[in-house]
Amino acid sequence: MRIMNGLTAIIGLTALATATGQMESEKPMMKAAIVRQYGGPEVLKIEEVARPEPKENEVLVRVIAASVNAIDAAIREGTYAREFGTTLPLIPGYDIAGIVEKKGAKITRLKVGDAVYGYLLWGGGYAEYAVANEGEAAIKPKTLTYIETAAVPLVALTAWNALIDAAKLRAGQTVLIHGGSGGVGSMAIQIAKARGARVIATASTPNQDLLKQLGADVAIDYTTTKFEDVAKDVDVVLDSVGKDTLVRSYGVVKKGGFIATLVARLDQTELDKHGIRGASIAVRPNASELAEITKLIEAKKIKPVVSQVLPLTEAVNAQQQAATHHTRGKIVLKIADEPKS
């Protein structure tokens, strides 16, 4: 009798395991670039994984394009695991553009079929589908392709946070933007010009023409010219370089001015010595500010710079290039074909 009961239990467990396996296999799947252990480029793998299911305060987005940021490689390596609270496995990618496929019960501003873009706080963009909440996503600019749109969120919000929220940049002021040809720098030049500011920007020799195209009033080739010989008594500095560049920047800001840095801690002694203020910028998703950025895009005051478009299978190469901090504008991963309008 005990033997029969044991056999019955085993058969029951086997049936349960089989049913569970069938349920797993019936879950909608998707292709994604996934990190299962922190490390070098080799840990980023393209796999078939379960498609995420949106919670009641989320939308499921069919991703058309996702852009690559310099920080993506550092997150893959685990550099910010403790600071950002990342856990494994993870799908990188913080900028997406796509179409709402499904929405949770508490979503009120977005609907199925909407073309959207956003900055995902916890990533997930290197995939065919991603989830976003209404604080992360906004309606996509009509004047841009999905590939162009994917290049916008994180860098535009960072530039906005630094110049508008932190530095309170006003018309008629002068701003010095270091790394003007990069993702944040290229957006910052355009946002500052839209604000009515005078812009001085630095970049290497090959990117001098780009600085002018973006609207910089003064372009400085940092390989041949010391920026402090040209930029004096500026109101605001936006630093995306750090190290010696930041150290030399304190002296070019006028009394009462502001330094915003993306990559370093400010030296309070130096700020006090020069009578200036400053902030280290840590950006978060902000759908309402994305909506303001959309207005500038549709008014043709901002246009993203996309230097390279790669398939999802080239995510490792894209990360390695972005991590050099010498990318012109942004690299974008094409996840799916642009929908026909």
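What share of the contacts in the protein chain with a separation of 6 or more comes from residues 24 or more positions apart? Such residues account for 64% of these contacts, where contact means heavy atoms within 4.5 Å.

**Figure 1. Overview of the predicted protein chain.** This is a predicted model, in which local features need pLDDT of at least 70 and side-chain atom pairs count only at pLDDT 80 or more, while totals for chains, interfaces and linings use all residues. Residues are numbered from 1 along each chain as its sequence is written, and side-chain values use heavy atoms, with hydrogens and water left out. The secondary structure comprises eleven helices and 15 strands; helices (H or I, at least four residues) and strands (E, at least two) are DSSP runs, numbered from the N terminus. Taken along the principal axes, the box filled by the C-alpha atoms is roughly 95 × 45 × 35 Å. Of the 341 residues, 50% count as buried. Buried denotes under 20% relative accessible area, exposed over 50%, and partly exposed in between (1.4 Å probe, protein chains only).

**Figure 2. The crossing of helices α5 and α10.** Two packed helices are described by the angle between their axes and the distance between the axes. Here the axes of α5 (residues 153-166) and α10 (residues 287-298) come within 10 Å and cross at roughly 95 degrees. Axes are lines fitted to C-alpha atoms, for helices over the stretch in contact, and angles run from 0 to 180 degrees between N-to-C directions. The two helices are therefore roughly perpendicular to each other, a term for angles of 65 to 115 degrees. On α5 the contact is made by P153, A156, L157, W160 and D165, and on α10 by E289, L290, E292, I293 and L296. These residues divide into seven nonpolar, no polar and three charged. Ala, Val, Leu, Ile, Met, Phe, Trp, Tyr, Cys and Pro count as nonpolar, Asp, Glu, Lys and Arg as charged, and the others, Gly among them, as polar.

**Figure 3. The nonpolar cores.** A nonpolar core is a set of buried Ala, Val, Leu, Ile, Met, Phe, Trp, Tyr and Cys residues joined through side-chain atoms within 4.5 Å. The largest has 92 residues, of which Y126, L163, V175, I293 and L333 touch the most other members. Helix α5 gives the most to this core, with ten residues. Beyond residues up to four places away in sequence, L163 touches K168, L169, V175, A188, A192, V236 and L238. A second, separate core of 15 residues includes V237, L246, V253 and L271.

**Figure 4. The buried side of helix α11.** In α11 (residues 315-322), the buried residues are A315, A318, Q319 and A322. They cover an arc of only 100 degrees around the axis, which puts them on the same side of α11; the arc is that of the directions from the helix axis to the C-beta atoms. Their packing partners are β1 (29-35), β2 (44-50), β3 (58-68), α2 (71-77), β14 (306-311) and β15 (330-334). In helix α2, D72 is buried, with a relative accessible area of 0%. Not counting residues up to four places away in sequence, D72 touches S67, G93, Y94, Y126 and Q319.

**Figure 5. The loop between α3 and β4.** Between α3 (81-84) and β4 (95-103) lies P89, and the peptide bond from L88 to P89 is cis, with omega near -5 degrees. The loop also holds G85, which is partly exposed at a relative accessible area of 41%. Leaving out residues up to four places away in sequence, G85 touches Y80 and W122. G85 and W122 are 37 residues apart along the chain, and their C-alpha atoms are separated by 9.2 Å.

Figure 6. K168 counts as exposed at 52% relative accessibility. H325 counts as exposed at 58% relative accessibility.

Figure 7. L176 is buried, with a relative accessible area of 0%. Its contacts, apart from neighbours within four places in sequence, are I200, T202, F227, A231, V234, V236, V237, L238 and V252.

Note on methods:
Angles under 35 degrees count as roughly parallel, over 145 as roughly antiparallel, 65 to 115 as roughly perpendicular and the rest as oblique.
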